[in-house]
Every structure is written in structure tokens, then in C-alpha cells.
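Here is a short briefing on a protein structure. Look at the chains first, then read the points below.

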Amino acid sequence: MRLNDTFAGGLFVVIGAAIVIHAQTFPPSPGQNIGPDLFPSVIGAGLALCGLSFIWSGLRAQGVAWIQPPDWIHRPRMIVNFVVVIADLIFYALVVERAGFFLTAFVFLAILFLAFGVRRRWIPVLATAVTLGMHFAFYTMLHVPLPWGWLEGIAW
Amino acid sequence: MEHVIQAFGLVFTPHVIGVVLASALFGLFVGSIPGLTATMATALLVPVTFVMDPVPAIACMATATAMAIFAGDIPGALLRMPGTPASAAYCDEAYAMTRNGEAEKVLGAGLVFSVIGGLFGVIVLVTTAPALAEVALKFSSFEYFWLVLLGLTCAVFIAPGRPVKGLVSLCLGLLIATIGFENPAAYPRFTFGSEQLMSGLQLTPVMIGMFALSEVIRYAVSRDLPIEPLKQGIGRIFHGQWALVKQYKMPVLRGSVLGTIVGALPGTGADIAAWISYGLSKRFSKTPEKFGTGHVEGIIESGAANNSALASAWIPALVFGIPGDSITAIVIGVLYLKGMNPGPTIFIENPQNIYAVFIVFFLANLLMLPLGWLAIKAAKNVLRVPRSVLMPIILLFCVVGSFAINNSIFDIGVMLVFGLLAYFMEANDFPIAPTILGLVLGGMLEQNFVTSMIKADGNFGAFFARPIAGTLGVATLLVWLSPLVLRWIRSRRWPEVARGS
């Protein structure tokens with residue numbers, strides 16, 4: 001997805017200005033001439049200036065669409081892949097503490113293998129092996145407390 | 001001297017040697033697979049280094065990246081797909097050599113000259129870093145402020161493409177660095193009432209998102225080109241390499257020197273070194289017409305350049321805490337976690353650890369010869385590992401690795417957001433490195449500015465009052481003004497060209 005310079009520039013100006021305005025609400029540091037607002041204000045102003053430069057170059061190059069969709073937009077398979085990767089991550093983050101690492105990671109991997117076209121009969125074997133391997137590496141070797149969730153009863 | 005002996009003791013233990021060998025194999029594997037980069041390897045290694053002592057943790061990253069940058073040449077030569085961005089500059093040239101039946105020669109040259117360039121960079125690192133540290137001991141907040149600003153400036157202006165895009169990317173990184181209450185005024189900024197944002201964003205999930213998740217997304221939306229199995233076997237790769245060394249002494253030296261300089265500049269790493277070096281090689285070559293038809297000269301020069309850049313990027317990272325490239329930006333985070341705060345005092349407080357890091361660098365570059373030979377021999381099989389299987393595993397690694405830093409689900413969200421951000425930034429040709437540098441250095445920039453202003457009682461002239469600070473300040477301002485000056489000179493000399501452009 002490519003943004004046209006004018007549109008991107010407008011976005012930067014808005015974000016930059018919002019930061020500068022928000023930074024004005026920061027209280028000054030007592031006894032110092034520089035408060036916590038200075039640094040964000042300078043960066044926000046810098047971003048807004050960059051935005052103006054983008055708007056300028058965008059206006060000179062007329063006829064470019066505001067938003068140019070990525071070339072994979074015409075390939076349904078790719079759209080599905082994109083959505084699956086993002087949705088799968090959200091699924092993991094929402095479910096892992098309740099369902100536990102083993103079940104969540106297994107489903108997480110199986111969905112991705114399926115989306116990326118791994119042969120179906122291999123998926124259960126692969127997903128199981130990777131889940132167990134990852135659990136061994138992080139839980140056993142690196143002592144990361146991966147959640148057990150529903151499998152709390154068999155925790156080791 | 002006793003520190004050097006201590007350092008040898010720290011490195012030559014079964015544990016550290018085991019870590020070095022394992023991370024070497026990991027680096028070779030990651031480098032050989034197109035779509036997996038050396039920076040990604042480093043980002044994914046951060047959670048793994050958590051439980052390690054400082055020396056093996058750093059050894060792990062130094063070795064893996066050196067190997068990955070070399071291994072990136074392998075698929076470039078065999079499949080015309082660079083394994084890491086650092087091999088992209090001469091990928092077509094290398095593939096042309098393979099098509100001419102010179103696969104052994106180009107792979108061997110990639111390996112031998114990677115080792116030579118790498119060793120050159122390491123020697124410069126070992127000799128200059130301690131000397132620079134002596135000088136840096138005298139630096140105050142004024143010098144550090146300018147040094148950080150100069151570093152950020154270099155990152156913006158040396159990156160390929162329009163500087164204004166680099167500047168936006170830098171602003172983004174600096175803004176993210178302001179989140180939380182860890183600022184001179186200890187006032188919570190941009191936290192919007194979120195407790196997780198109080199201490200700012202964790203660097204590791206941001207890095208994993210920007211360098212690993214973005215790569216997985218890119219894979220997900222691109223057609224998975226079937227990798228053609230290699231037909232011919234690969235024979236004696238070292239045959240005739242010595243003759244090449246003798247024939248191309250100057251290009252090797254030029255590539256190594258240029259790579260070392262580019263690597264030491266903040267924000268520019270092995271990939272940019274390789275591009276510049278390949279261009280220079282063509283310009284200075286006696287036979288520039290052969291470039292593009294399968295000529296080894298440019299590969300030798302830029303192959304040496306990218307590996308030498310890798311080592312020299314550690315010079316500013318260790319001495320000033322200013323990363324030379326994206327990889328050392330990650331390494332600096334790890335150094336802090338391990339209590340080895342980068343800066344000139346590290347050479348006084350922890351000399352044995354620093355010497356140990358140096359020894360590991362030599363070791364990694366020497367190990368590259370036998371292990372690289374193995375990797376080339378195994379390339380046929382490694383390249384057959386389907387990416388449809390690898391990418392989901394990497395994604396799970398991203399998730400678990402982000403979680404592992406704080407055992408927090410929030411960090412998985414951070415990783416997701418920054419992965420998407422990096423994906424969209426790259427789709428719009430915004431460089432990623434300035435964001436990372438801004439994020440790593442933002443706090444340091446503000447801290448040194450505020451400290452200096454308090455010392456100077458609000459008088460900005462003090463920033464130019466000390467000799468080194470003044471020089472750095474003028475240099476920084478000159479780099480900022482350079483585009484305007486160049487435009488002015490052009491308009492004076494060639495008014496019609498300036499108007500035309």
C-alpha cells in the first residue's frame with residue numbers, strides 16, 4: 001500500500017501538530033529552563049516540517065492516486081495470507097493465557113502451515129514437533145514461564 | 001596483559017565454544033535462506049541470550065551475524081536471490097558467474113574474501129576502539145550530545161533514497177523513545193494512562209517486530225517461487241583463490257577500508273557498504289566493461305566490504321554506545337541488560353570482557369573458513385527447506401521471544417504493531433534503520449542536552465565552547481546543510497541542470 005506524497009505529508013503534519021499541542025500540557029520542571037515538553041515539541045515540529053515538504057513534492061507530481069493498493073490486492077490468496085498472519089497473532093495473544101501454550105501454539109502453527117500451503121498430512125506432525133521443541137527451548141532451557149492454561153494439571 | 005589471559009580463559013571454555021559453534025551454524029542457516037536476514041537473526045537471538053553470561057551472549061551475536069553476512073552470498077550465487085540484503089549488490093554478478101560454470105570460483109571467492117574483509121575490520125576494531133576510548137574518557141555531555149546528533153544525522157543522510165524520508169523515520173524513532181517517564185524530568189509522557197507504557201516500550205519486541213515479523217508478512221503476501229534444485233555438484237571451492245588474492249590486492253584493500261569506514265558510521269551497515277563498494281569497484285576497475293557479465297572483481301571488493309563493515313560497526317557501539325548499524329543497535333540493548341554498559345569506561349571496568357569479545361571476533365572469522373566450506377557443500381540441501389514451513393516457526397519464535405522479555409502479552413501486541421509499521425514503511429520506501437537508531441539514542445540525546453543546558457545555565461553557545469564539541473557541532477551542521485549547499489553549487493555551475501531537475 002503506497003501513500004501519495006500529499007496524503008502522507010498531510011498525515012505527518014497532523015501527527016506532528018498533535019504531538020506539539022499535547023506536549024504543551026506537560027508541566028515545566030521546577031527550577032529548570034527545559035521541561036519535558038521541549039524534546040517532543042521539537043520532534044513533532046520536525047515531523048510536521050517534513051510533512052510540509054512531502055505535501056510540496058506531492059502537489060508538484062500530480063495525478064498520483066492518494067492510496068495505491070499493493071499489487072497483491074488482486075490475489076485473493078495473498079489477502080487471506082496477510083489477514084491470517086495478523087489474525088493468528090491476535091488469536092495467540094488473546095487465548096494463550098487461558099488455553100495454555102501447548103494448545104494455542106499448536107493451533108497457531110497449524111493455521112499458518114495450512115495458509116502457506118504445507119501438505120495437510122504433514123501439518124499435525126510438524127505443528128506438534130515445533131510446539132514441543134519451542135516449549136523445551138524456552139520453558140526448560142531458558143526458564144520462560146510459558147502459560148499452562150487448561151493443562152495446568154500436567155504442568156512440569 | 002593479565003586481562004588478555006583472563007579473556008582467553010573466558011572464551012576457551014566448552015560452554016562458550018559450544019555457543020560459538022551453535023550460533024555459527026544458526027547464522028549460516030539464516031544467511032543462506034533468502035528472506036531471513038542477519039539483523040533478524042540478531043533480534044531473534046536476544047531472548048535466547050537472556051540466561052547467558054555476558055561473554056557467551058555477545059559471542060553468540062557476533063558469530064551469528066558474521067556467518068550470516070557471508071552465507072547471504074550462497075543463494076545469491078546459486079539462485080539469484082540474495083540471502084541477506086548485504087549480498088544484494090553483487091547478486092546478479094555472482095549468478096552470472098554460476099551460469100558461466102564458475103559456481104565454485106564465485107562461492108570460494110565469497111568465502112575467502114569475506115574472511116579477509118572480516119579480519120581486516122576486526123583488526124581495526126581491536127586497534128582503534130581502546131585508543132578511541134582513551135579520548136572518549138574526556139568527553140562531557142556536550143561532546144556526547146553532538147556525537148549522538150552526528151550519528152543520527154549520518155543515519156538520515158547516508159541511507160539510500162530521499163533524506164526527508166530518513167528524517168521522518170528518525171522522528172518516529174525519537175518520538176517512540178520519549179514514551180514513558182524515563183526522561184530527565186521523570187514526567188510520564190504519551191502513556192495515556194497505560195501502566196505498561198510507563199517505563200517506555202521494550203526494545204526487543206520492537207526490534208523483533210520490525211525485523212522479523214515484517215519479513216514474515218512480506219513472505220505471506222509474495223508468491224513463493226519454487227526453488228529450483230541445483231543440478232551440478234560443487235567441487236573444489238578454494239582452488240585458485242590464492243591467485244585471486246594476488247591479482248586483486250588493491251580491490252580487496254579498498255573494499256575492506258571502505259567497508260570499515262561505512263560500518264563505523266552510525267546507521268549504515270553492511271548492505272550500504274556493499275552497494276558503495278561495488279560501485280567504486282566498477283569505477284576503478286581496469287576492465288569495467290566486464291562488470292555484469294560474471295566478473296569476480298566487484299564480488300571480491302564488495303564481499304570484503306560487507307564483512308569488514310560488520311566488525312567496525314562495533315567501534316562506535318562499544319566506545320560511545322552509538323550503534324554503527326541495526327545489528328549493533330540490538331547488541332547495545334543486550335550489553336545494557338548484561339550490565340556491560342557501553343561507553344569508554346567499559347574498557348576500564350570490564351577489560352577482560354572486551355578482550356574476550358575481540359577474541360571471539362577473530363575466532364568467528366577464522367571459523368568461517370571451515371564452516372563456510374561446509375555450508376557451501378550443504379547448500380543444496382539447506383536451500384530445499386521449504387519456507388512455508390520455516391516462516392510459521394519464525395513467527396512462533398517472534399511471539400514467544402517478545403513474550404519472554406517481560407513475560408507480558410502486551411509485548412506481543414507491541415511486536416505486532418511495529419511489524420505492521422515496518423512493513424508499511426518499507427512498502428513506501430522509508431528506511432527502517434533511522435527509526436531504530438532514534439529509538440536507541442533518543443533518551444541519550446535528550447539526557448545529554450538537558451544536562452549540558454543545566455551546566456551552561458541555558459546558554460546555547462556553550463555547545464560550541466569546547467574544542468571537540470565545537471568541531472563535532474560544526475560537522476553536524478555541515479552535514480545538515482550539505483543538500484542546500486550542493487544545490488546552490490549546482491545552480492551556480494549548471495543553471496540549466498538545476499532548473500531541469
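**Briefing**

The C-alpha centres of domain 1 and domain 2 of chain A lie 39 Å apart. The domain assignment of chain A puts domain 1 at 2-68 and domain 2 at 72-154; such bounds come from an automatic or database domain assignment. This is a predicted model: local features need pLDDT of at least 70, side-chain atom pairs count only at pLDDT 80 or more, and totals for chains, interfaces and linings use all residues. Residues are numbered from 1 along each chain as its sequence is written, while chains are lettered from A and ligands numbered from 1 in the order in which they are written.

**Confidence**
- The model scores ipTM 0.93 and pTM 0.87.
- Chain B averages a pLDDT (the predictor's confidence in each residue, from 0 to 100) of 88.
- In chain B, 96% of the residues score at least 70.

**Where the chains meet**
- The contact (C-beta atoms, placed from the backbone, within 7 Å) takes 42 residues from chain B and 46 residues from chain A.
- On the side of chain B that touches chain A, α19(B) gives the most, with 10 residues.
- Helices here are DSSP runs (H or I, at least four residues), numbered from the N terminus.

**Two helices in chain B**
- The axes of α8(B) (residues 141-158) and α21(B) come within 8 Å and cross at roughly 155°.
- Axes are lines fitted to C-alpha atoms, for helices over the stretch in contact, and angles run from 0 to 180 degrees between N-to-C directions.
- α8(B) and α21(B) are therefore roughly antiparallel (over 145 degrees) to each other.

Technical notes: Contact = placed C-beta atoms within 7 Å. Parallel < 35°, antiparallel > 145°, perpendicular 65-115°, else oblique.
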